[in-house]
Amino acid sequence: LFDNDFTLDASRITVRAGCVLKQLEGLTREAMFDAYEKAVVVIDLWLPGAETVTAEGAMFDCCVLVPREMNGADPRDFPIKENLKIGRGADGGWNYTQISELLDRALDDYDNFIGEFRALKKHVMALPATFQQNVRRYFLNDIHFVAGAFTEEERALALPWATAILMNYPLATVEIVTWNKVIFGLENARAIEALRQGGVKQSFS
């Protein structure tokens, strides 16, 4: 199976007799499920971001071929060995020889080859729980962080630390305790102003 991708010329892929290249376009829901169940390989070489085709292919135990560029190069989203990701040929187009060789490998040794994509399936199957965890973490509003900024080193690190906290927990509150709030404010005036312009509210007490 291959995604509707204007950069892929399926006619340049060498396939053996009995192997069918099918484009995922214009299929009904039932026909698409049937296609995934029969497929050995899913090819998607245009990945500007997250794609359903690769996730669906992984869930149906297909060998998923993605590029070494765009989102395909992200080892977190696509935990696949680099040599199994599609590169470019001498003409700047896709490496069709590599694609054909990987197709043959999937057909000849599927039981072993599919093991190379288990990590991807595990990642895909964990996405619903991961998404819920990230939503709860991002919007958590009952966390209060406190840090002391008394020495010169602590005062220098306080704002970078607070900024990192607020980037990960936007609705949290951060309290910085120091001997002299005026001096601290003057020393960090530019950083505090940048945070204020970014929508962070501040109060001194």
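Leaving aside its neighbours within four places in sequence, with which residues is leucine 8 in contact?

## Leucine 8 and the model

Leucine 8 is in contact (heavy atoms within 4.5 Å) with Phe2, Ile13, Ile43, Leu45, Trp94, Tyr96 and Ile99, when its neighbours within four places in sequence are set aside.

The structure is a predicted model, in which local features need pLDDT of at least 70 and side-chain atom pairs count only at pLDDT 80 or more, while totals for chains, interfaces and linings use all residues. Residues are numbered from 1 along each chain as its sequence is written, and side-chain values use heavy atoms, with hydrogens and water left out.

## The nonpolar cores

A nonpolar core is a set of buried Ala, Val, Leu, Ile, Met, Phe, Trp, Tyr and Cys residues joined through side-chain atoms within 4.5 Å. Buried means under 20% relative accessible area, exposed over 50%, and partly exposed in between (1.4 Å probe, protein chains only). The largest core has 28 residues, of which Leu8, Ile43, Ile99 and Phe117 touch the most other members. Two or more residues come from each of strand 3 (41-43), helix 2 (52-59), strand 4 (63-65), helix 3 (96-108) and helix 5 (118-139). Helices (H or I, at least four residues) and strands (E, at least two) are DSSP runs, numbered from the N terminus. Helix 3 contributes the most to this core, with 5 residues.

A second, separate core holds 8 residues, including Ala35, Tyr36, Val42 and Val53. Val53 is also one of the buried residues of helix 2, along with Thr54, Ala55, Gly57 and Ala58.

## Aromatic rings

The whole structure has 5 aromatic pairs. Rings of Phe, Tyr and Trp (its six-membered ring) pair if their centres lie within 6.5 Å; planes under 30 degrees apart count as stacked, over 60 as edge-to-face and the rest as tilted. Phenylalanine 150 and tryptophan 179 form a tilted pair, with 4.8 Å centre to centre and 55° between the planes. Phenylalanine 150 lies in the loop between strand 5 (144-148) and helix 6 (152-168), and tryptophan 179 in the loop between strand 6 (173-177) and helix 7 (181-187), so the pair ties together parts that are 29 residues apart in sequence. Phenylalanine 150 is partly exposed, at 32% relative accessible area, whereas tryptophan 179 is exposed, at 74%.

Elsewhere, ring pairs link Phe33, Tyr36 and Phe60 into a cluster.

## Strands 5 and 6

Strand 5 and strand 6 pair in the parallel sense over 5 bridges, where pairing requires at least two DSSP bridges. Histidine 144 has threonine 173, in strand 6, as its bridge partner.
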